[in-house]
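Hi,

Here is the structure I promised to pass on. My notes follow below it.

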Amino acid sequence: MKKPAFLPAVLLLWFVSLANAWAEPVKCFESRKGASEVTQRMIGEDLPNVKCSPKTGAVLWWGNPFDGTVPMGDMPIQDADYTRGKAVVKPRSDKLGLLPLCGNSCHTGSLPKGFPTSKDARELVMMHQAIVLDSTKLPHGRGNIWCLDCHHSTQRNKLVDHRDKPISFDQPQQLCGKCHGEVYRDWREGIHGKRIGEWASTGTKRWFVCTECHNPHNVQHGDRNRGFAQHQPEKAPTLPKGMKTADHERQKH
Amino acid sequence: MEAPVEKPNSRRSFLKSAGSLSISSLLGTAALMTMSDDARANMEWAEWFQGNYRLMSEEEKALARARLERRYSREYGKKVVVDGTPAQEGVLMGYALNIKKCIGCRRCAKACVEENNQSRGKDQEIEWIRVLKMEKGEFSQEKMNQGYPEGLGIQVGGNAYTPVGDVLEGEHYYQPDAVPEKDAAYMPIACMQCEKPPCVKVCPVRTTYREADGPVVIDYNWCIGCRMCMSACPYWARRFNWSDPNLPKEAMNPVTHYLGNRPRMKGVVEKCTFCIQRSRQGRYPACVEVCPTGARKFGNLLDPNSEVSRIIARKNVFRLKAELNTFPKFFYFMD
C-alpha cells in the first residue's frame, strides 16, 4: 500500500526543489514599498542580509545593517545640535530609474523648447503620469507647491535648495528640511525617522532618509491622510486554544 | 570537577552512582539513554544540577554556557553561540515609543520572534509584543439616549452605557487589508523593564532579576514554572511555554545570550529582554530596527545625547500605569 503513495511524493518533492532552484531571488522592501527593494542573499554562514516576512514581503531583520550604505556626509547645518556618531545612508540614486537620463536626454536646461522654469502648476501632457496622475492636483502641499519647488529648474538630475543651489538626490533631507524645519530637527536628533545599527550616541548608524519613508509626490494618500502610506499588516496572533473567533473584542455597544 | 562525567564513556559509571539519587537525576539518566534531538534527551547531567546563574562563579557560568552551546548546536544542526557578556558600566537601557506614529503593522512582533527564538506555529505561538488597536472615540449623537435603565439596570448616563462584562480596551486580532485604519490608534505593549519590577519581587526562586544595565532577565534553567511573575506583572508581558517550544531548525537564530534569546524549554516563563544578545553588543533591539515608521527608539538613559534622553527632554512622555510605582524604563511619547 505504501509504494504507490511514495513515488508521487518523491516526484512532488523533486518538482518543488526544481521550482525553488528556478524561482526568482527573494525580493523584499525595507520601508516604502516599490521604492526600497532589496534582494535576499547570504552574507555569511547561516546569515542572510535580510529576513523577509512571507506574508507582506517586508524586511523583518537585518543581518548587516550597513549593507549597501555610504557615508552620509556632514549636515549643512554645521553648528546644529545633533547626535553625530558615524552616519551612513543608502543612496537613493540607485532606486531612481530615470535619473541617469533626465539631466541630459530630456531636460538639458535649454531643451525642450521654451524650457519652463515657472513655479506655476500646469498640466504635464502625457508626462510623468506614473508619478503624478494629475499634475494640477499634486497631493503634496495642498496646492501650494510645484515640481520646481523641489526639482532644480535647469539641472533636472538634482533637487534644489532655497537659493537655487542643487542638492543631490541622495540627500533629500536637505530638500525636505527647507520647508519642514521642525521635522528636520527631530530627524537630525534621531527622534523622527529611524536609524539602525549601533545604539550608542557615538556609534555607527544607518539613517533612513526622508524619501525612504515618504513618497514626495504623494503625502496625502490613504485613509488617514497623514503623510505615511498604508501597509498590509502582519498576521494577527493565533487565537487561544479553543477560541473560534475574536468577536468578543469587536463587540460594539 | 565535571569534566570526567561529561565524557560519554563514563556514562555507565554515572548511571550506577546516579541510580539511587533524586527525581531530577532520574530524569537525567533517562535522557542520557536515548539519542534523539529532543532537548531533554540532549541535556548533559550537569545542566540538571547547575545553580542559579546569578550565583555562579565566572568559571561555572562559562561551563554552563559551553554546555548549552554543545546541546543547542546538536539540536539545531548549526554552530550556536551562547554569549554571557555582562552589563557595561555607565549604561542604563531605556526605550521610547512614539504612540502617534504607530500604524499597527505588527512587524515589531514578528521581528521579535525572528530574533528571539520564540515558539511558533498553531500549537504554541508565543509573541512578546502585542499591538492593541484602540477606537479613537465611542461618542456619537445616536448614543445620547443610551445608558438609562433598561429593566433593572443602573443608570450610567448618555454615551457611557456599556453592558457589564464588555470591554472597550482594544483589539488584538484586527486583520484589515491595510493599516493604519481610519479612526484607529495603536498601542504596542511589551515588557516595561521596570526599575521596581513586581515580577522580581514575587519570584520564589529568584530566577528573574534586574540586570545592572536595566533589563529584567530570567535564568530559564532555574525557573520552576510557577507563573507567579506572570500574575504579578501589570503589563501582561510574560509568556509561558505550556508545551515544548516549536522552533524550526532553519529559523533558529544561532546568536544567543544566556539571559536572552537562547532556546527555552517546556515549563518556563519568557519575555522581552531589550534583545540583550544584541544590545549588550551595541546593536539596537530588533523591534527598533524593523519599525517602518521609526516609532521605536532605544538608547542609554544615562547619556544625555542618546535618542531616548533627547526624547525625554524634548517631548511629552508618559509611562504606562505609572501609578503602580513600577518605574518602567519604557516611555510612550508623541510629537
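**Helix contact in chain A**

Gln173(A), Gln174(A), Gly177(A) and Cys179(A) of α4(A) touch Gly181(A), Tyr184(A) and Trp187(A) of α5(A), where contact means heavy atoms within 4.5 Å. These residues split into three nonpolar, four polar and no charged; Ala, Val, Leu, Ile, Met, Phe, Trp, Tyr, Cys and Pro count as nonpolar, Asp, Glu, Lys and Arg as charged, and the others, Gly among them, as polar.

This is a predicted model: local features need pLDDT of at least 70, side-chain atom pairs need pLDDT 80 or more, and totals for chains, interfaces and linings use all residues. Residues are numbered from 1 along each chain as written, chains are lettered from A and ligands numbered from 1 in written order, and side-chain values use heavy atoms, without hydrogens and water.

Helix α4 (172–179) and helix α5 (181–188) of chain A pack at about 135°, axes 6 Å apart. Angles run from 0 to 180 degrees between N-to-C directions, with axes fitted to C-alpha atoms, for helices over the stretch in contact. Helices (H or I, at least four residues) and strands (E, at least two) are DSSP runs, numbered from the N terminus.

**Sheet in chain B**

Four strands form an open, mixed sheet, ordered β10-β2-β12-β11. Strands pair if DSSP finds at least two bridges between them. β10 (296–300) and β11 (316–318) of chain B are the edges, each with a single partner strand, so one side of each lacks a neighbour in the sheet. The twist averages 30° from one strand to the next. β2 (93–98) of chain B pairs antiparallel with β10(B) over five bridges. Ala96(B) has Lys297(B) as its bridge partner in β10(B).

Best wishes
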